[in-house]
Amino acid sequence: MQPQLERADLELLLAIRGHGSLAGAASAADVVPSVITKRLAALEARLGLKLFQRTTRRVVPTAEGEALCERATGLLAGFHAMEAELQERHKEPVGRIRLAATFGFGRVWLGPAIADFQQRHPQLDVQLQLTEQLPDLAVEGFDGAVWLWAVRGPRASEWTGRRLARNQRVLVAAPDYLRRRGAPATVEELAAHDCLVVRENERFDVWRLQRERDRAEVRVRVGGPLSSNSGELVRDWCLAGHGIMLRSLWDIAGALATGELVRVLPGHAMTDADIHWLAPHSASTPKRIRLLVDYLAERFRSEPWKLTSAPAARPGSRPRR
């Protein structure tokens, strides 16, 4: 029959190694040294191994004892984490949650969701920082971020992620612009239109669109007399009839519903704008963070910004310059 180790055995080993003496381990456990001596002897006899070398001054682990102590450290940490999680499940979450999010989505959609979540858990203090650049979450002390687009490249390995909801960027224009210029019938015709571009990266003038029917990607170089690094300003220009823009559905849901904007080339969209939760890697996730992420996933799962009944522009005459 194989010898079996119990949790008390592991705790005994780490106590002896940590104190460097049987007397120290006994004092910490509030027992006489003979009790620790007998327990260690019984454990070594059961395992058939010498776990500690005794000198006149210290008790040090043997190679086998050191290896067992290292394994014991990991196993006991797992026990403690499991117990803490079980205890936490029965408690109302408390503490602070520090989040980062982009300005637009954070203000329009995440802000109201966070306020509702905090009302459900009034002992939580939620701090939401809106920013245009994704922070170094661990270094700057953030518990997580709600971000558009998945993080790729070297930084992707620094965080864990979860998609909260799907989202698309679609082509839209004001009815007045389309009456004056006509609606493009093909992606290629966008090159002859006034396109309102957001200067957010070095290839802002190339729109990568995906055909819904076959998922094929089509690229077109676009331009026009108006561009900005502010997506909100570009949206305002579009509403005023100055051109066609590529914008996330979450941002223009209301304008599509009222008819202030209409879809252009509705069979095409940019599909890399999903809503994601990002967080630093951690051995365990606090209950308050788990509750928040689950709440946001449930709240946004229905994609409230996706209006399938929104009007779409019909291809008209070729654009006039």
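Residues 24 or more positions apart account for 75% of the contacts in the protein chain with a separation of 6 or more. Keep in mind that this is a predicted model. The protein chain has 9 helices and 15 strands, and buried residues make up 41% of its 321 residues. Here is a tour, grouped by topic.

**Nonpolar cores**

- The largest nonpolar core has 42 residues, and those touching the most other members are F105, V146, L261, I275, W277, L296 and W305.
- Helix α9, spanning residues 287-300, gives the most to this core, with 7 residues.

**Surface**

- The protein chain exposes about 17,600 Å², and carbon and sulfur atoms supply 51% of that area.
- On the surface you will find a nonpolar patch formed by V31, V32 and V35, with about 200 Å² of accessible area together.
- V35 sits in helix α3, which covers residues 33-47.
- With a relative accessibility of 34%, V35 counts as partly exposed.

**Cysteines**

- If you are looking for disulfides, the structure holds 0.
- A disulfide is a covalent bond between the sulfur atoms of two cysteines.
- For C195, the closest cysteine sulfur belongs to C238 and lies 9.9 Å away, so the two are too far apart for a bond.
- C195 counts as buried, at 0% relative accessibility.
- C69 is likewise buried, with a relative accessible area of 0%.

**L76 in helix α4**

- Helix α4 runs through residues 63-89 and contains L76.
- L76 is buried, as its relative accessible area is 7%.
- Although L76 and L10 are 66 residues apart along the chain, 7.7 Å separates their C-alpha atoms.
- L10 is also one of the contacts of L76, together with R7, E11 and L14, when residues up to four places away in sequence are not counted.

**G231 in helix α7**

- G231 is located in helix α7, made up of residues 231-239.
- A relative accessibility of 10% makes G231 buried.
- From G231 to L246 there are 15 residues in sequence and 9.8 Å in space, C-alpha to C-alpha.
- Setting aside residues up to four places away in sequence, G231 touches V198 and R247.

**Helix α8 and the residue after it**

- Helix α8 takes in residues 249-258 and is mostly covered, with 7 of its 10 residues buried.
- Those buried residues are L249, W250, D251, I252, A253, A255 and L256.
- After α8 comes G259, and its phi is positive, near 85 degrees.

Technical notes: Residues numbered from 1 in each chain as written. Predicted model: local features only at pLDDT ≥ 70, side-chain atom pairs only at ≥ 80, totals over all residues. Heavy atoms only, no water. Core = buried A, V, L, I, M, F, W, Y, C linked by side-chain atoms within 4.5 Å. Buried < 20%, exposed > 50% of the residue type's maximum accessible area, 1.4 Å probe, protein only. Helix = DSSP H or I, 4+ residues; strand = E, 2+ residues; numbered from the N terminus. Patch = residues over 30% accessible without salt bridge, like charges linked within 9 Å, V, L, I, M, F, W, Y side chains within 5 Å. Areas by Shrake-Rupley, 256 points an atom, 1.4 Å probe, with all protein chains shown as cover. Salt bridge = Lys/Arg side-chain N within 4 Å of Asp/Glu carboxyl O. Disulfide = S-S within 2.5 Å. Contact = heavy atoms within 4.5 Å.
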